[in-house]
Amino acid sequence: MVAASPDVSYTTKAPPVLLAIPVLTIELNADGSVRDIDVMRYPSQARDTVQLAIQAVRRAAPFGNVSKLPRPWKFNETFLFNDQRQFKPMTLDRR
């Protein structure tokens, strides 16, 4: 997602106070295209970041063939938005 959205993402350390933290559940088709996106957590402020996160997921698709993986083909992603409305997937902070 970061590679597909270089102008609206960051990879540096997340700031101590974030603008918004939306959480999405992304469901894929067998070919890795996006089947559905559900919002699991809306931020209390900067609610527009939910749409920014959804757009980032759609830009990054397809995610590769997942037909050999067990179903359901779903994953959750938490987006860490800074004050410039740039995002970082939280999975990049888990190192």
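Residues are numbered from 1 along each chain as its sequence is written, and side-chain values use heavy atoms, with hydrogens and water left out. Because the model is predicted, local features need pLDDT of at least 70 and side-chain atom pairs count only at pLDDT 80 or more, while totals for chains, interfaces and linings use all residues.

Buried here means under 20% relative accessible area, exposed means over 50%, and partly exposed lies in between, with a 1.4 Å probe and protein chains only. In soluble globular proteins, nonpolar side chains tend to be buried together.

Apart from residues up to four places away in sequence, V57 touches M1, L24, I26, V34, I37, F63 and F79, where contact means heavy atoms within 4.5 Å.

## Helix α1

The 13 residues of α1 should span 18 Å at 1.5 Å a residue, and the end C-alpha atoms are 19 Å apart, which agrees. The expected span is 1.5 Å times one less than the number of residues. T49, V50, A53, I54, A56, V57 and A60 are the buried residues of α1. Their arc around the axis is only 155°, so they lie on the same side of α1; the arc is that of the directions from the helix axis to the C-beta atoms. An α-helix has 3.6 residues a turn, so residues three or four places apart point the same way. The cover over the buried residues of α1 includes β1, β2, β3 and β4 (87-89).

## Strand residues

E77, in strand β3, counts as buried at 5% relative accessibility. The E77 side chain makes a polar contact with the side chain of T91 at 3.2 Å. A polar contact is a pair of N or O atoms within 3.5 Å; within protein, one must be able to donate a hydrogen and the other to accept it, and residues adjacent in sequence count only if both atoms are side-chain atoms. Leaving aside neighbours within four places in sequence, E77 is in contact with M1, P22, V23, L24, I26, P89, M90 and T91.

T25 belongs to strand β1 and is buried at 11% relative accessibility. The side chains of T25 and N76 are joined by a polar contact of 2.5 Å. Beyond four places in sequence, T25 touches D36, I37, D38, M40, K74, F75 and N76.

V34 lies in strand β2 and is buried, with a relative accessible area of 16%. Its contacts, not counting residues up to four places away in sequence, are E27, L28, N29, V57, R58, A61 and F63. The C-alpha atoms of V34 and Q84 are separated by 27 Å, and the two residues are 50 residues apart along the chain.

## Salt bridges

The count is 2 salt bridges, each a side-chain nitrogen of Lys or Arg within 4 Å of a carboxyl oxygen of Asp or Glu.

| Salt bridge | N to O distance |
|---|---|
| R85 and D48 | 2.8 Å |
| K88 and D93 | 2.5 Å |

R85 is in the loop between β3 and β4 and D48 is in helix α1, so this pair ties together parts that are 37 residues apart in sequence. R85 is partly exposed at 33%, and D48 is partly exposed at 37%. In the other pair, D93 is partly exposed at 36%, whereas K88 is buried at 3%.

## Backbone

The peptide bond from A61 to P62 is cis, with omega near 0°, and so is the bond from R71 to P72.

Positive phi in a residue other than glycine occurs at A46, near 50°, and at R85, about 60°. A46 lies in the loop between β2 and α1 and is buried, with a relative accessible area of 14%.

Notes. Helix = DSSP H or I, 4+ residues; strand = E, 2+ residues; numbered from the N terminus.
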